[in-house]
Amino acid sequence: MFNNLTCSGEAGWPAAGLFEYLLVGHPDARVSGKVIAEKNYFTGHYQEKIAARTAPHIAVANFLASEPMESTIIKWMQRICGARHSFTVTLNNYSGIPAHTIYLRVQDPQPFQELAIQLQTVDEFIQASACPPARLIRSPYLSIAGRLPEQVYNKAMADYAQKTFHASFMLDELLLLRRQHQFDACKTIQVFRLKPPADNFYSDVA
């Protein structure tokens with residue numbers, strides 16, 4: 001699904017021996033279909049092909065690391081994700097990052113913010129290994145189109161201010177993606193399953 005995903009690259013391009021990693025969550029098939037339809041519309045209407053090329057995802061963390069560090073990073077992330085419950089993500093209408101990205105808002109960022117706090121232990125390991133600090137996402141969103149020319153962004157923002165979008169899905173896993181350079185496709189190297197939703201526990205007890 002994510003083989004054609006363009007990573008954000010916001011941590012800077014990897015130096016020799018470093019890979020770029022992206023930890024992401026993705027919508028279920030139903031919501032993904034709605035988002036992909038919106039991406040395809042954007043591509044056709046604004047002639048910006050990158051919108052259709054990127055798979056729907058919400059970035060949780062972005063960082064650089066060497067391959068020998070990978071097993072330790074995965075172990076830490078497995079421990080963090082395995083202790084967290086699945087949660088509902090609601091996408092509610094559009095917004096933008098001037099002057100390059102149109103995105104869907106995540107209505108409740110708190111679960112992602114909690115993840116970012118817990119992932120600070122991974123960031124400490126990364127920095128202790130002489131790599132740049134990780135980018136831990138505290139204001140999550142789902143991109144419709146990024147890397148837009150400013151004039152396209154301005155026109156699209158005016159259009160999307162009049163549009164509505166509302167959809168919810170259960171986020172029950174996170175994917176760790178990796179690529180070697182700017183033109184490399186992201187590859188999934190690990191899937192982290194979250195625990196069943198917390199309310200399931202109470203219904204089972206009842």
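Predicted model: local features only at pLDDT ≥ 70, side-chain atom pairs only at ≥ 80, totals over all residues.
1. Overall make-up. The secondary structure of the protein comes to seven helices and nine strands, and of its 206 residues 48% count as buried. When contacts between residues at least 6 apart in sequence are considered, 78% of them join residues at least 24 apart.

2. The buried face of H5. Helix H5 covers residues 120–128, and within this helix Val122, Asp123 and Ile126 are buried. Seen down the axis of H5, these buried residues fall within an arc of 100°, so they line one face of the helix. As background to this pattern, an α-helix has 3.6 residues a turn, so residues three or four places apart point the same way. The other side of H5 carries Glu124 and Ala128, both of which are exposed.

3. Just after the end of H5, the backbone at Ala130 takes a positive phi of about 65°.

4. H5 against H3. Two packed helices are described by the angle between their axes and the distance between the axes. For H3 and H5, the axes come within 10 Å and cross at roughly 170°; since angles over 145 degrees count as roughly antiparallel, H3 and H5 are therefore roughly antiparallel to each other. On the H3 side the contact is made by Thr72, Ile73, Trp76, Met77 and Ile80, which meet Thr121, Val122, Phe125 and Ile126 in H5. Sorted by class, this contact of H3 with H5 has seven nonpolar, two polar and no charged residues. Two of the H5 residues named here, Val122 and Ile126, also belong to the buried residues of H5.

5. The buried face of H6. In helix H6, the buried residues are Val152, Tyr153, Ala156 and Tyr160. Viewed along the axis of H6, they fall within an arc of 100°, so they line one face of the helix. The face turned away from this buried side carries the exposed residues Glu150 and Gln151, while the cover over the buried residues of H6 includes H1, strand E3 (87–97) and strand E4 (101–106).

6. H6 against H1. The axes of helix H1 (residues 29–46) and helix H6 (residues 150–160) come within 12 Å and cross at roughly 125°, and H1 and H6 are therefore oblique to each other. The crossing of this pair is right-handed. In H1, the residues Glu38, Tyr41, Phe42, His45 and Tyr46 meet Val152, Lys155, Ala156, Asp159 and Tyr160 in H6. By class, the contact of H1 with H6 has six nonpolar, one polar and three charged residues. The H6 residues Val152, Ala156 and Tyr160, which take part in this contact, are also among the buried residues of H6.

7. A residue of H1 to look at. Ala37 lies in helix H1 and is partly exposed, with a relative accessible area of 45%. Although Ala37 and Ala52 are 15 residues apart in sequence, their C-alpha atoms are 8.8 Å apart in space.

Notes:
Residues numbered from 1 in each chain as written. Heavy atoms only, no water. Buried < 20%, exposed > 50% of the residue type's maximum accessible area, 1.4 Å probe, protein only. Helix = DSSP H or I, 4+ residues; strand = E, 2+ residues; numbered from the N terminus. Arc of directions from axis to C-beta. Axes fitted to C-alpha atoms, helices over the stretch in contact; angles between N-to-C directions. Parallel < 35°, antiparallel > 145°, perpendicular 65-115°, else oblique. Left-handed = near helix turned anticlockwise from the far one by under 90°. Contact = heavy atoms within 4.5 Å. Nonpolar A, V, L, I, M, F, W, Y, C, P; charged D, E, K, R; others polar.
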